[in-house]
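Morning, everyone. Let me put the model up, and then we go through it piece by piece.

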Amino acid sequence: MRIVHTPDDPPAKGMYALLTASITPRPIAWVSTISADGVPNLAPYSFFTVACADPAILSVTSIGRKDTYRNVVDTGEFVVNIGTESLMEVMNATSAPVGPEVDEFEMQGLTADLSDVVAPPRVAEAPIAFECVRHDVIDLGTSAMLLGRVVSVTIDDEMLADDGLPDFGSLLPPSRLGRHQWGYAPRTRELPRPRR
């Protein structure tokens with residue numbers, strides 16, 4: 001037997017809860033921005049993925065019009081930092097509902113590192129940072145998709161495998177699951193794609 005829900009007949013906890021408990025694990029974009037007034041902002045987003053490889057474009061969806069959304073609209077720049085399991089608690093702490101005048105870097109004792117191309121700082125403690133300029137902002141009902149074209153990538157060399165790419169076993173990025181659950185990096189296996 002299956003339970004059927006529609007947008008007109010959602011589960012008791014709503015469609016957001018159903019979506020986030022079903023579509024898992026979700027990688028986390030730890031997005032740093034800076035306001036038009038020069039105040040740094042930092043927040044985690046689990047509605048995040050690669051939107052395009054050429055040109056390299058990342059997609060981050062903001063549920064509601066939060067500080068990150070306003071800063072990207074106002075300045076056109078942001079940084080997607082990739083955290084590690086060891087940063088899970090402080091990543092979560094930067095999701096606290098504080099005002100736009102609050103600097104989450106300072107509030108959480110994180111190091112704001114100068115970016116190479118864009119004005120928003122990157123998180124020095126995060127081993128990978130994608131500096132982005134706004135490609136587009138797409139309003140989607142109560143959410144907004146922020147599309148950023150990657151203009152610079154910084155990677156700690158300790159995270160690199162012999163092929164020059166990040167090693168998943170060294171990076172150990174956390175993920176978001178449903179409810180208040182976060183995920184540790186999962187087990188992996190090699191499974192090459194089929195060839196013609």
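Start with D116: is this residue buried or exposed? D116 is exposed, at 54% relative accessibility. The cut-offs: buried is under 20% relative accessible area, exposed is over 50%, and partly exposed lies in between, with a 1.4 Å probe and protein chains only.

Some ground rules. This is a predicted model, in which local features need pLDDT of at least 70, side-chain atom pairs count only at pLDDT 80 or more, and totals for chains, interfaces and linings use all residues. Residues are numbered from 1 along each chain as its sequence is written, and side-chain values use heavy atoms, with hydrogens and water left out.

Now the charges. How many salt bridges does a search of the whole structure find? The search finds five. The criterion is a side-chain nitrogen of Lys or Arg within 4 Å of a carboxyl oxygen of Asp or Glu.

Back to D116. Its salt-bridge partner is R122, with the closest N and O atoms 3.2 Å apart. R122 is buried, at 11% relative accessible area. R122 also meets E131 in a salt bridge, 3.3 Å from N to O. E131 is buried, with a relative accessible area of 0%. Shared partners join D113, D116, R122 and E131 into one network.

Another of the salt bridges links R70 and D67, and here the closest N and O atoms are 2.2 Å apart. Where do the two sit? They are three residues apart in helix α2, residues 67-75, so about one helical turn separates them. Helices here are DSSP runs of H or I with at least four residues, strands are runs of E with at least two, and both are numbered from the N terminus. In general, an α-helix has 3.6 residues a turn, so residues three or four places apart point the same way. R70 is partly exposed at 36% relative accessibility. D67 is buried at 12%.

Stay on α2. Which of its residues are buried? They are D67, T68, Y69, N71 and V72. Their cover includes β2 (29-34), β3 (40-45), β5 (56-63), β6 (77-82), β9 (128-140) and β10. After α2 comes G76, with a positive phi near 80°.

Next, the sheets. Two strands pair if DSSP finds at least two bridges between them.

β2 and β3 run antiparallel and are joined by six bridges. S32 has L42 in β3 as its bridge partner. The two strands form a hairpin with five residues between them, and G38 in the turn has a positive phi of about 90°.

How many of the residues of β3 are buried? Six of six. P40, L42 and P44 are buried on one side, and N41, A43 and Y45 on the other. As background, side chains in a regular strand alternate between the two faces of the sheet.

T49 has S59 in β5 as its bridge partner.

There is also an open sheet of three strands, ordered β1-β11-β12, with antiparallel pairing. Its edge strands are β1 (26-27) and β12 (182-183), each pairing on one side only. β1 and β11 (residues 175-176) pair over two bridges. R26 stands opposite R176 in β11.

Last stop, β10 and what follows. I155 lies in strand β10, residues 143-155. I155 is partly exposed, at 31% relative accessible area. Together, V153, I155 and L160 make a nonpolar surface patch of about 200 Å². Patches take residues with over 30% relative accessible area and no salt bridge, joining like charges within 9 Å and nonpolar side chains (Val, Leu, Ile, Met, Phe, Trp, Tyr) within 5 Å. Accessible areas come from the Shrake-Rupley method with a 1.4 Å probe, and for residues only the protein chains shown count as cover.

G164 is in the loop between β10 and α5 (168-171). G164 is partly exposed, at 42%.

Methods: Contact means heavy atoms within 4.5 Å.
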